[in-house]
Structure formats: C-alpha cells, structure tokens
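Please keep the sequence and the structure open as you go through them.

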Amino acid sequence: MTALSSAGSRWTSRTVVHVLLVLAALYAVLPLVWLVTSATKSVGDFSTTGAFEFGQFNLGANLSALFSQDGGVFLAWIRNSLLYAGLGAVLGSLICAACGYAIAKLDFPGRRALFAVTLAGVLVPTTALALPLYLLASQLEVVGTFWAVFIPLLTNPFGVYLARVYAEAAVPGEVLEAARTDGAGELRTFFTIALPMMRPGLVTVFLFQFVGIWNNFFLPLVMLTDPKLFPMSLGLYQWSTRVTQFPQYNPLVITGSLLAVLPLVVAFVLLHRQWRSGLAAGSVK
C-alpha cells in the first residue's frame, strides 16, 4: 500500500511539473508565434483574421515597406542596436571580468567594501539612474550623441558580481602565483591565464549584457533626440505611437519587432552550450 501511494505521489508530482513546464513554454513561445503570423498580414488582415492565423503572406511587402519607411531609417536603427549591444557587450563583459577578477584574486585595501558597493548597485533599478546620467552627460556636453548611451552601458554591477563568482571558483591561486613567480605582470596574467579559465562565465556575462543592452529603452529615450541615433527598441516605440492615427504603421512595427528578436535567438543558439556549462559550473561551485 505504501509503495502504491509513493508511486502515485511521484506520478502526480511529475505530472504537475510537466504541466507547469508546458505552461511556461507556451507563455514564452506564443508571443513569438503571434509575431511570426502577424508579420505576414496586411493592414486589412488584422481586422479579418485571428491572432494566430496567417494572412495573405504579405511578409515581403511588409519588409520592403519597413526598410523604405522614413528614408530607410530602420537600417540605421539596426546598425545602432548592433553597435550598442554588440560592441557594448564585448567591452562591458571584459570590464566586468577584469573587475570581478580583481575583487576575487587581488589583495588591495577596500576590496570587501568595493564588493559590498557592487552588490548594492545590483539592487538599484536602471531607471533610477537615468536622471543622474542625463545630468552628468549634460555637464560633459554629450547629450544627444552616441556616447551618451554607449558609455553608461559598459558598466554592469551584476556582471561584476558574476565575474567575481567565476574568478573565485575557476582560477586557482596557485596558478597565479606560479605565473607571477615566472615574471608575468598582472595584466599578462589576467589576459593569458585568468581570462581563458573564466570563459564560460564570460559568455554568461556577455549574454546578460547583450540582452540587457539590446532591450534597453529608457536610457536612449532620455538621452537621444535624433532618430538616426535610435536603437530599434526606441525607434519601433516611436512608430507604435502613430498606429492609432496611421494604421499602416501597424505591420511595420510588428515586422520590425520580429526582426529585433532574431539577433537574440541567434546569440543564444550560438552560445548556449558554453552558457549552460557556465551556469552549471557556477551552481556547483
């Protein structure tokens, strides 16, 4: 009787877990399915077809209109997003890795206090920093320029925290001491020894940086006025505000949103193995 009860309990638990996983997967996938189906529709199809029904496959015309609208400004938005997110994620990950490595492996005064401040920075919402950053950028006279958005994106307290955890776990102190004994300087030790050991963690930091910068909206909204400097998130928002007056913007916004999702999917597909191993290593350590 006890064995039957235990087997039934396990079966019930598995069923509940599977149902929850299916619901979570549907919650994540259904918006993407809606984007794909809606991107094929013309303006009239939105009122005559269901949410997940395909239209008369107007995707080609939507793409053509998307890239020609407002003098082809969407191409500039793609370029800006790739610069902000791609270059910003690479440099930001390297800065986070260096800071995390220094906090974890170098002995200097105030190291614990610096790490405590870093943890406190994780709790501060980015929207709360927008006004101070704007005032600082105004003092430096870079408001309305590429640098007003790009430079603040290079810092990420959560990335520093992750890098510190991976450096503490993955970089043995004995290896560093051996490198220093052989005459290697701190920079050479970091780039040739510590950084390769931290690679799985660095990929994790890179993905967090890339996704965060790619989806960043509020900082460009505060800093930028020239549409040619907008990232895709802000540019598509500007178009979406015109939908009620000009319905022809509706397929443009949806098709642009579909294209905006693709780089995130590609990044996760290309880096998912190292990202998964990095998460597993961090959880075990």
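1. Asp-70 is found in the loop between helix H3 (59–68) and helix H4 (73–105), where helices are DSSP runs of H or I with at least four residues, numbered from the N terminus. Although Asp-70 is not a glycine, its phi is positive, at about 55 degrees. At 39% relative accessibility Asp-70 counts as partly exposed, a class that lies between buried, under 20% relative accessible area, and exposed, over 50%, with a 1.4 Å probe and protein chains only.

2. A word on the basis of these values: this is a predicted model, in which local features need pLDDT of at least 70 and side-chain atom pairs count only at pLDDT 80 or more, while totals for chains, interfaces and linings use all residues. Residues are numbered from 1 along each chain as its sequence is written, and side-chain values use heavy atoms, with hydrogens and water left out.

3. Glu-141, in the loop between H6 and H7, likewise is not a glycine and has a positive phi, of about 60 degrees. Its relative accessibility is 71%, so Glu-141 counts as exposed.

4. The structure holds 18 aromatic pairs, a pair being rings of Phe, Tyr or Trp (its six-membered ring) with centres within 6.5 Å, called stacked when the planes are under 30 degrees apart, edge-to-face when over 60 and tilted for the rest. The ring centres of Phe-146 and Phe-150 are 5.1 Å apart and their planes meet at 20 degrees, so this pair is stacked. Both residues belong to helix H7 (residues 146–150), four residues apart, or about one turn of the helix, and both Phe-146 and Phe-150 are buried.

5. Phe-210 and Trp-214 also form a stacked pair, with 5.6 Å from centre to centre and 20 degrees between the planes. These two residues are separated by about one helical turn because they stand four residues apart in helix H11 (residues 199–214). Phe-210 is buried, with a relative accessible area of 8%, and Trp-214 is buried, with 6%.

6. Which residues form one aromatic cluster? The members are Phe-67, Phe-74, Trp-77, Trp-239, Phe-246 and Tyr-249.

7. The largest pocket has a volume of about 670 Å³. A pocket here is an open set of points on a 1 Å grid over the protein atoms alone, where a 1.4 Å probe fits and protein lies on both sides within 12 Å along at least five of seven lines; lining residues have an atom within 4 Å of a point. The volume is the space filled by probe spheres set on the points, which are joined across faces, edges and corners. Of the 21 lining residues, Thr-126, Pro-152, Leu-153, Thr-155 and Asn-156 lie nearest the centre of the largest pocket. H6 gives the most to this lining, with five residues. By class, the lining has 13 nonpolar, eight polar and no charged residues, where Ala, Val, Leu, Ile, Met, Phe, Trp, Tyr, Cys and Pro count as nonpolar, Asp, Glu, Lys and Arg as charged, and the others, Gly among them, as polar.

8. The second largest pocket has a volume of about 150 Å³, and its lining divides into nine nonpolar, no polar and no charged residues. The largest share of that lining, four residues, comes from H6. Among the lining residues of the second largest pocket are Leu-133, Trp-147 and Pro-152.
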